[in-house]
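Please keep the structure in view while reading.

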Amino acid sequence: MSINTTSSTAFLKSGLKLTFNKAAFWNGILAVVGGLISHLFADILNFTPVAPFVLAIPLLFLSGCIVFSNWDENTGNPSVKFRTLCIEGLKDILTHKSVMLLAIVQSLFEGALYLYVFLWTPVLDGPNRPIGIIYSLFMLCIMIGSQLQVVMTSKLNLSTATVPVVVCFLGLIASLIVTYATHPNSEDWGLSLVGILLFEVACGIHIPSINRLQSIVLKDNAVGVVNWVRVPVNVIACACLMSLHGAPDNMGSHKLFLICSGLLSVAVVVALLLRVLVGDDSSNGNGVSTPRNNTSSSA
């Protein structure tokens with residue numbers, strides 16, 4: 001269920017946070033099971049690596065039928081054109097500090113995430129290494145991260161804007177570990193696995209927390225702003241992979257993880273600035289200030 005749908009129905013605002021947490025948790029459970037089933041068919045039963053994709057076809061068909069028969073089409077506000085959404089989104093980013101900082105944090109972290117998606121297989125793959133089990137471990141870590149996000153916000157009373165600081169710092173530590181472990185002079189498969197698993201925990205915290213923060217900060221035009229966030233995310237991933245992946249000096253993966261560390265270092269600083277700007281929302285149920293109350297000095 002999208003933020004737009006919840007805002008246009010009687011869906012309780014207090015239920016939005018719980019929905020994001022449950023979605024992340026059950027996505028993790030299903031993904032873990034999927035990884036184990038893939039390992040069973042591809043490795044243990046010695047079917048081809050294509051077997052997991054074939055098994056996914058009937059599940060995708062079933063999901064499509066459920067969506068088609070039970071969900072209304074999420075068209076947003078039909079009276080607002082896509083071009084208008086994009087223009088307003090760019091205007092919000094350029095004129096409101098909280099929106100700009102949130103967009104930068106999300107772009108930097110998810111840019112590093114995209115690089116991890118492409119890099120984990122060449123780093124961890126090898127003879128007799130159970131890729132399906134490794135993938136299940138990734139999903140388990142994401143599930144653990146989603147539960148840690150609940151603990152941080154509900155038990156430790158961390159504010160919504162504080163969680164991205166923790167996420168980016170945890171991701172930075174993970175990237176530094178993998179950067180060291182992928183250097184040709186200090187290659188360590190086990191340490192690489194530990195670092196990537198730690199990054200997956202950070203991703204599990206990031207998914208529900210960034211959705212929650214978007215629902216608070218991007219009240220006016222969430223769709224328009226998020227559309228612009230996707231641009232630097234894809235530019236970062238494409239530019240880095242095209243320039244360094246498979247480098248002739250055998251250090252392409254190491255350099256890409258080094259770039260991830262740099263991106264996340266900047267993300268930590270920007271997340272701290274965002275935390276200072278929006279303040280502490282842990283003591284009330286209304287969340288942080290809206291972007292209209294956090295305009296830049298030139299606005």
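A crossing is left-handed if the near helix is turned anticlockwise from the far one by less than a right angle, and right-handed if clockwise. H5 crosses H8 in the left-handed sense. The model is predicted, with pLDDT of at least 70 needed for local features and 80 or more for side-chain atom pairs, while totals for chains, interfaces and linings use all residues. Residues are numbered from 1 along each chain as its sequence is written, and side-chain values use heavy atoms, without hydrogens and water.

Helices are DSSP runs (H or I, at least four residues), numbered from the N terminus. H5 (residues 97-124) and H8 (residues 189-217) pack at about 150 degrees, with axes 10 Å apart. H5 and H8 are therefore roughly antiparallel (an angle over 145 degrees). Axes are lines fitted to C-alpha atoms over the stretch in contact, and angles run from 0 to 180 degrees between N-to-C directions.

Contact means heavy atoms within 4.5 Å. Residues of H5 that meet H8 include Leu102, Phe109, Tyr116 and Trp120; among those of H8 are Leu193, Phe199 and His206.

The two single residues are compared below; buried means under 20% relative accessible area, exposed over 50%, and partly exposed in between (1.4 Å probe, protein chains only).

| Residue | Relative accessible area | Class |
|---|---|---|
| Alanine 174 | 0% | buried |
| Asparagine 157 | 46% | partly exposed |

Alanine 174 lies in H7 (residues 163-181) and touches Tyr116, Gly195, Leu198 and Phe199, not counting residues up to four places away in sequence. Asparagine 157 lies in the loop between H6 (131-155) and H7. Asparagine 157 has a positive phi of about 55 degrees, although it is not a glycine.

Definitions and conventions: Helix = DSSP H or I, 4+ residues; strand = E, 2+ residues; numbered from the N terminus. Parallel < 35°, antiparallel > 145°, perpendicular 65-115°, else oblique.
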